[in-house]
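Look at the sequence and the model first, then read on.

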Amino acid sequence: MQIVGLSEAKENEYLEDLYNCFESGYDFEKFLKLYLEEIGFDEIEVTKRTRDGGVDLIAIRKGIEDFSNIDTINYYIQAKRYKLKKVGVNAIRELKGVIPFGHKGMLITTSTFTKDSILESDNDISRPIILVDGRALLNSCINHQIGFAFEPRFSKELFNQFNSIANYNIVNDINQEVIEKLITYNDIRAKIASVPSKIAKLLEDKKEYLFKFENDEFKSKFVKSRSYFSKGLSNMYRKYELISTDGIIKPKKALWSFHNNVITLKLI
């Protein structure tokens, strides 16, 4: 689904609506537990009120498949339900004070951050703090369709983009077929690329093929029993922002083709 950008006035209206959805800070924390689960975090716990100590939730983000135990990131999360008040530097320092070495912090608010708090958040690489302000949280909810209903809006520009993709699918070589397929959340998380079934039928098990991913070329083996490629995909997903710098997974559609023993994948 294409989402039209919000005007500043509409964004401010939605920010107030978001704030008013929670009667208390604790209600906001309970919402964040569900929100973090939705965007890919795991083992999320709302901490007991008696041992808050600057931490409202704890969570982990697991790594890839069998390597998850050594590729897991632990997060200590603070929630601030503010309307007009900005989150100051003391909140950042308080959170840093309870984060063990090598772990990450996250501070999520319905408001904004002061300049000093932003500077303080990343001045210690051993205990970095990810800041999520109200606008970032709002747009993340829109992107993940949390709490928003959408009505159709015709866009000639998007319609023309669709037509250009359709034209791309028409190829002159009858032996080359271009197939559209979504690179799913599970594919990205597992660092694999599930192959369209029509192409998979043409490939040999565990044979190494030249793989063209956008502007990059590398060799990868095809596992026919599971119909996927894996080698080299992790770097591609990060380079082309299917995995953000904060580890957020963003599924995208792609056009696949197979010709002269070369796999080509183009994002759309």
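## The buried side of helix 5

The buried residues of helix 5 pack against helix 1, helix 2 (25-38), strand 4 (104-109) and strand 5 (129-132). Contact means heavy atoms within 4.5 Å. Helices (H or I, at least four residues) and strands (E, at least two) are DSSP runs, numbered from the N terminus. The buried residues of helix 5 are Gly 134, Leu 137, Leu 138, Ser 140, Cys 141 and Ile 142. Buried means under 20% relative accessible area, exposed over 50%, and partly exposed in between (1.4 Å probe, protein chains only).

This is a predicted model, in which local features need pLDDT of at least 70 and side-chain atom pairs count only at pLDDT 80 or more, while totals for chains, interfaces and linings use all residues. Residues are numbered from 1 along each chain as its sequence is written, and side-chain values use heavy atoms, with hydrogens and water left out.

## Helix 1 against helix 5

The axes of helix 1 (residues 8-20) and helix 5 (residues 134-143) cross at roughly 90° and come within 10 Å of each other. Helix 1 is therefore roughly perpendicular to helix 5. Axes are lines fitted to C-alpha atoms, for helices over the stretch in contact, and angles run from 0 to 180 degrees between N-to-C directions. Angles under 35 degrees count as roughly parallel, over 145 as roughly antiparallel, 65 to 115 as roughly perpendicular and the rest as oblique.

On the side of helix 1, the contact is made by Glu 8, Glu 11, Asn 12, Tyr 14, Leu 15 and Leu 18; on the side of helix 5, by Gly 134, Arg 135, Leu 137, Leu 138 and Asn 139. The residues of this contact divide into 5 nonpolar, 3 polar and 3 charged. Here Ala, Val, Leu, Ile, Met, Phe, Trp, Tyr, Cys and Pro count as nonpolar, Asp, Glu, Lys and Arg as charged, and the others, Gly among them, as polar.

## The ends of helix 5

Asp 133 caps the N-terminal end of helix 5, with a side-chain oxygen 3.3 Å from the backbone nitrogen of Arg 135. After helix 5 comes Gln 145, whose phi is positive, near 55°.

Two strands pair if DSSP finds at least two bridges between them.

Strand 3 (residues 73-80) and strand 4 run parallel and are joined by 6 bridges. Lys 80 has Thr 109 in strand 4 as its bridge partner.

## Thr 110

Leaving aside neighbours within four places in sequence, Thr 110 is in contact with Leu 15, Tyr 19, Phe 28, Lys 80, Arg 81, Tyr 82 and Gly 134. The side chain of Thr 110 reaches the backbone oxygen of Tyr 82 at 2.4 Å.

Another open sheet has 7 strands in the order 6-11-12-8-9-10-7, and the pairing is mixed. Strand 6 (179-183) and strand 7 (193-194) are the edge strands, each pairing on one side only.

Strand 6 pairs with strand 11 (residues 252-259) in the antiparallel sense over 5 bridges. In this pair, Ile 183 stands opposite Lys 252, and Leu 182 opposite Lys 253. Strand 11 also runs antiparallel to strand 12 (residues 262-267), with 6 bridges joining them; Ala 254 stands opposite Leu 267 there.

## Two residues with positive phi

Most residues other than glycine have a negative phi. Asn 260 has a positive phi of about 55° although it is not a glycine. Asn 260 belongs to the hairpin of strand 11 and strand 12, which has 2 residues between the strands, and is exposed, with a relative accessible area of 65%.

Glu 241 also has a positive phi, near 65°. Glu 241 lies in the loop between helix 9 (233-239) and strand 11 and is exposed, with a relative accessible area of 51%.

## The whole protein

The protein has 9 helices and 12 strands. Of its 268 residues, 38% count as buried.

Definitions and conventions: Polar contact = N/O pair within 3.5 Å; in protein donor to acceptor, adjacent residues only side chain to side chain.
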